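Please look over the sequence and the structure below before reading on. The briefing is meant for someone meeting them for the first time.

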Amino acid sequence: MTDLDFMQLALKAARRGIGHTWTNPVVGAVIVRDGQCIATGYHHRYGKDHAEVNALKQLPDIAMARGATMYVTLEPCSHFGKTPPCARRLVEVGIQRVVIGQEDRNPLVHGKGIAILRDAGIQVDVLGTTGELNAAYNFFYTHQRPLVTAKYAMSLDGKINAAGNTRTQLTGDAAVADAMTLRRNNQAILVGENTVMVDNLLLTVREPAPDFAPIRIVLVGDADKLSQQLRLFHDHGPIWLLSRHATSREWPANVTVKVDAQWSVAGIVDALQAAGIQSLLVEGGSHVHAQFFAAGLVDAVQVYVAPVVLGGTALPAVSGIVSQAMQSYQLSGVTQLGQDCKLTYRR
Ligand code: AOF
Ligand code: ZN
């Protein structure tokens, strides 16, 4: 087994934590002696033990750590957070070599974990192969803002709704289920008021219920004009209403009304950044997508194409002036889902 093979084992362990660790990253670790994997650990849940510590706990005898190699998907931490620094623990138990998947972009740790290990004479090798595992976490600490994904389902002629602004179910069950996964993987979901009204969306993540429900954000002109009968309000997960007018209503505890006379896309992204939100899914409609593209703040695009032509005056997926300069993306995936097609793009 090579370093890359052992790192694969650590990655596999890390993935078991997906959906349970926000706002922390998912992390996996394995301990290897004489070419054999003797312990595996991962970060189970926000606030709980880190992957490295969980792997050490799997050893029948802690003395077995002396002289062993640890493979860990993320640089071991150097700080006292909810738990003590893992790097110091690895030094203490006598780990001889640490192979790291990626450096930790979190400034609390970045480079400091590696320095603790090297200063103690531990051999450290950074492979740089595990970045995809925590794409939003890495993006957030690299760019100081959430990773923004625009998502829409459209017809063959690029439209999202039949004329007259009525709800149109374009894609089949497989695509709908796939889009749920996307919601599950984002910490906030944003839509315009029109979309909420036309589609009467619940905007939640369905079964199995996630540990952390994404914040449902709605851009509204005047929060007080929004019907409280909307399905959106039937769920008690967090809701932000970004309103241009002050509110005089009493709202339930899960609803926060944030007022700004001219909410801009940059302002929204700043508010999310301030709240520590690492990923945002923009679900439309047409004008909201246009505003995000125009602001140059769409980092990834996920499109479902349904085999129908709507024609006529139906709304296009993105409507409004986007930018003088063409914005281009790289195709990162093509998947067939029943009769529909999913296309994913990255900047
Ligand atoms: C994790 N799990 O396995 C590793 C992490 O508040 P704390 O103590 O849980 O620290 C969270 C930070 O620790 C996190 O942002 C990251 O920088 C670092 N490493 N975190 O949750 C782990 N190894
Ligand atoms: Zn740690």
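The structure is a predicted model, and the protein in it has 9 helices and 14 strands. Its C-alpha atoms fill a box of roughly 70 × 45 × 40 Å when this is taken along the principal axes. Of the 347 residues in the protein, 41% are buried, and among contacts between residues at least 6 apart in sequence, 69% join residues at least 24 apart.

- An open sheet is formed by 5 strands in the order 2-1-3-4-5, and its pairing is mixed.
- The edges of this sheet are taken by strand 2 (36–42) and strand 5 (123–126), each of which pairs on one side only, while neighbouring strands are turned by 15° against each other on average, direction ignored.
- Strand 1 (residues 28–33) pairs with strand 2 in the antiparallel sense over 6 bridges, and Val30 has Thr40 in strand 2 as its bridge partner.
- Strand 1 also pairs with strand 3 in the antiparallel sense, here over 4 bridges, with Thr69 in strand 3 as the bridge partner of Val32.
- Strand 3 and strand 4 (residues 97–100), by contrast, run parallel and are joined by 4 bridges, and Ile100 in strand 4 stands opposite Val72.
- Together with helix 3 (residues 86–92), strand 3 and strand 4 make a right-handed β-α-β unit.
- Helix 1 (residues 3–15) lies across strand 1, strand 2, strand 3 and strand 4, and runs at about 140° to strand 1.

**The two faces of strand 3**

- In a regular strand, side chains alternate between the two faces of the sheet.
- In strand 3 (residues 69–72), Thr69 and Tyr71 point one way, whereas Met70 and Val72 point the other way, and all of them are buried.

- Another open sheet of mixed pairing is formed by 9 strands, in the order 10-9-8-7-11-6-12-14-13.
- Strand 10 (255–259) and strand 13 (330–337) each have a single partner strand, so one side of each is left without a neighbour in the sheet.
- Neighbouring strands of this sheet are turned by 20° against each other on average, direction ignored.
- Strand 8 and strand 9 (residues 239–243) run parallel and are joined by 5 bridges, and Arg216 has Ile239 in strand 9 as its bridge partner.

**Helix 9 and what covers it**

- Helix 9 (residues 286–294) is mostly covered, with 7 of its 9 residues buried.
- The buried residues of helix 9 are Ser286, Val288, His289, Ala290, Gln291, Phe292 and Phe293.
- What covers these buried residues includes strand 6 (147–154), strand 7 (188–192), strand 8 (215–220) and strand 11 (279–282), as well as helix 8 (265–274).
- Helix 9 is followed by Gly296, which has a positive phi near 70°.

- Which residues come nearest to ligand 1? Of the 17 residues around the ligand, they are Asn24, Val27, His43, His50 and Gly81.
- Sorted by class, the shell around ligand 1 has 8 nonpolar, 7 polar and 2 charged residues.

Notes
Residues numbered from 1 in each chain as written. Chains lettered and ligands numbered in written order. Predicted model: local features only at pLDDT ≥ 70, side-chain atom pairs only at ≥ 80, totals over all residues. Buried ≥ 20, exposed ≤ 12 C-beta atoms within 10 Å, placed from the backbone. Contact = placed C-beta atoms within 7 Å. Near = placed C-beta within 6 Å. Nonpolar A, V, L, I, M, F, W, Y, C, P; charged D, E, K, R; others polar. Pairing = 2+ DSSP bridges. Axes fitted to C-alpha atoms, helices over the stretch in contact; angles between N-to-C directions. Right-handed = clockwise from strand over helix to strand, strands pointing away.
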